[in-house]
Amino acid sequence: MKKIAVILAGCGNRDGSETHETLSVLLAIDKRGMQYQCFAPESDFEVFNHIKGEASGEKRDLITEASRLCRGNIKPLKEYCVNDFDALVLPGGMGAAQNLSTYAFCGKEMSVNSEVAKAVKETNIAGKPIGALCIAPMILAKVLGDKNPTITLGGDCQAAKDAISLGCNHQICDATEVSIDKENKLLTTPAYMVATRISQIFEGSDNLIQALYTMI
């Protein structure tokens, strides 16, 4: 059975992993007879009040919050071993831009969490596929920009311009399309960077996991 590692960044589109994107990815993996294991860094993050639309001032444990999305079946990212998995996937959500990286605060001058960067680099060096949704491709842009990868962040947005400045080729895609970089084995889809309906998220995620399954 093929095994897919999934890196989460909390729970919620404004301060963690986007729930629709994450669950659609896990479903797409499972329906193809593959197995998934979720991981997350061990750190604190500031909680966003999704009803009020503002930061709450409260801090929570990232891996504990991420565990809500996978019924507690999660491991610290430091335990990720590339030899145990056939591919790696990063769902989107603002957690990817502010918990797994500093893109939300620093733009193209961003940094990436050391454990996340290590997992991405090791997976790429091992020649195994990496999938990323929504804003998460910015992590690939920062970590793998020297390989001149092709990714998508949807349309001609600021994130796309930042990715290009980091060495990427940017492919314009709609919500359900997948950009496939065969040379670097990267698969990306815009998801809520351009999507307006939850059905588009499920279709785009399913298309990404199908492409990843084929590449494996």
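## A walk from the cysteines to the core

Let's start with the cysteines: a search of the whole structure turns up 0 disulfides. Keep in mind that this is a predicted model. A disulfide needs two cysteine sulfur atoms within 2.5 Å. Cys106 is partly exposed, with a relative accessible area of 39%. Cys157 is in no disulfide either, and for this residue the nearest cysteine sulfur belongs to Cys134, 9.9 Å away. Cys157 is also partly exposed, at 23% relative accessible area.

Now let's head inside. The largest nonpolar core has 37 residues, and Tyr80, Leu88, Leu90, Val120, Met138 and Ile139 are the ones with the most contacts inside it. Several pieces of the chain supply at least two residues each, including strand S1 (3–7), strand S6 (87–90), helix H5 (114–125) and helix H7 (158–165). Which element gives the largest share of this core? That's H6, with 6 residues.

Of its 8 residues, 7 are buried, so H6 is largely enclosed by the rest of the structure. The buried ones are Pro137, Met138, Ile139, Leu140, Ala141, Val143 and Leu144.

To see how things meet in here, pick Val120. Setting aside residues up to four places away in sequence, Val120 touches Leu88, Ile130, Ile139, Leu140, Val143 and Leu144. There's also a second, separate core, made of 32 residues, with Ile29, Cys38, Ile63 and Leu69 among them.

Leu27, Ile198 and Phe202 make a nonpolar surface patch of about 250 Å². One of these, Ile198, sits in helix H8, which covers residues 198–215. Is Ile198 buried, partly exposed or exposed? With a relative accessible area of 42%, Ile198 is partly exposed.

Our last stop is Arg60, which you'll find in strand S4 (residues 54–61). Arg60 is partly exposed too, with a relative accessible area of 29%. Which residues does Arg60 contact, leaving aside neighbours within four places in sequence? They are Ser43, Asp44, Phe45, Val47, Glu65 and Arg68.

Key. Residues numbered from 1 in each chain as written. Predicted model: local features only at pLDDT ≥ 70, side-chain atom pairs only at ≥ 80, totals over all residues. Heavy atoms only, no water. Core = buried A, V, L, I, M, F, W, Y, C linked by side-chain atoms within 4.5 Å. Buried < 20%, exposed > 50% of the residue type's maximum accessible area, 1.4 Å probe, protein only. Helix = DSSP H or I, 4+ residues; strand = E, 2+ residues; numbered from the N terminus. Contact = heavy atoms within 4.5 Å. Patch = residues over 30% accessible without salt bridge, like charges linked within 9 Å, V, L, I, M, F, W, Y side chains within 5 Å. Areas by Shrake-Rupley, 256 points an atom, 1.4 Å probe, with all protein chains shown as cover. Salt bridge = Lys/Arg side-chain N within 4 Å of Asp/Glu carboxyl O.
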